[in-house]
Amino acid sequence: MGVASFPLRVITPQSVFEREASYLRLRDRTGLFGIMRGHAAFLTLLETALGYYRTPEGAEIFLAVDGGLFSVEHGRATISSPEVFEGADAADLARRIEQTRARRQESERIFSKMIDGLEREFVKKTLTFLKGK
């Protein structure tokens with residue numbers, strides 16, 4: 001007889017995917033909580049944390065969740081988060097998170113530099129315009 005499972009949907013701005021889980025463990029502001037098939041309707045705000053789910057075959061898959069919303073409704077668990085990393089190997093997951101964080105920091109640095117340049121140009125053009133009046 002198979003292990004009872006439930007659908008787990010993960011929604012981020014980049015993707016939507018669905019898995020089958022027999023158990024899910026996440027964190028909200030009250031601490032860690034667990035979800036199994038048949039759980040009552042539930043809604044909570046997630047903390048940024050490492051959680052995991054267990055597949056019907058028994059494998060544990062880690063989820064690094066960047067906050068968000070979690071709900072259980074009509075037998076389906078849903079994580080809605082700005083970012084979720086999934087992986088069976090915690091070291092590989094940590095490496096992927098660090099690479100993404102570094103890329104994000106570099107993008108933010110470039111964007112900030114671009115905004116600074118736009119602001120300088122705006123001020124220059126405004127001053128030129130006002131002096132011309």
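Thr12 counts as buried, because its relative accessibility is 10%, where buried means under 20% relative accessible area, exposed over 50% and partly exposed in between (1.4 Å probe, protein chains only). This residue sits in the loop between β1 (6–11) and β2 (16–21); strands (E, at least two residues) and helices (H or I, at least four) are DSSP runs, numbered from the N terminus. Apart from neighbours within four places in sequence, Thr12 has contacts with Ser81, Pro82, Glu83 and Val84, contact meaning heavy atoms within 4.5 Å. The model is a predicted one, in which local features need pLDDT of at least 70, side-chain atom pairs count only at pLDDT 80 or more, and totals for chains, interfaces and linings use all residues. Residues are numbered from 1 along each chain as its sequence is written, and side-chain values use heavy atoms, with hydrogens and water left out.

The largest nonpolar core comprises 19 residues, and Leu8, Leu24, Leu26, Leu63, Phe70 and Ile79 have the most contacts inside it. Such a core is a set of buried Ala, Val, Leu, Ile, Met, Phe, Trp, Tyr and Cys residues joined through side-chain atoms within 4.5 Å. At least two of its residues come from each of β1, β2, β3 (23–28), β4 (31–35), β5 (42–54), β6 (60–73) and β7 (76–80), and β6 supplies the largest share, five residues. Beyond its neighbours within four places in sequence, Ile79 is in contact with a list of residues including Leu8, Leu26, Leu63 and Phe70.

Charged pairs complete the picture. Side chains of opposite charge can pair when their charged atoms come close. Across the whole structure, seven salt bridges are found, each a side-chain nitrogen of Lys or Arg within 4 Å of a carboxyl oxygen of Asp or Glu. Helix α1 (residues 90–132) holds both Arg95 and Asp92, three residues apart, about one turn of the helix; their closest N and O atoms are 3.6 Å apart. Arg95 is partly exposed at 47%, as is Asp92 at 29%. Glu106 and Arg109 also form a salt bridge (2.6 Å, N to O), and because they are three residues apart in helix α1, about one helical turn separates them. Salt bridges that share partners join Arg9, Glu18 and Arg76 into one network. Within it, the side chains of Glu18 and Arg9 meet at 3.4 Å, N to O.
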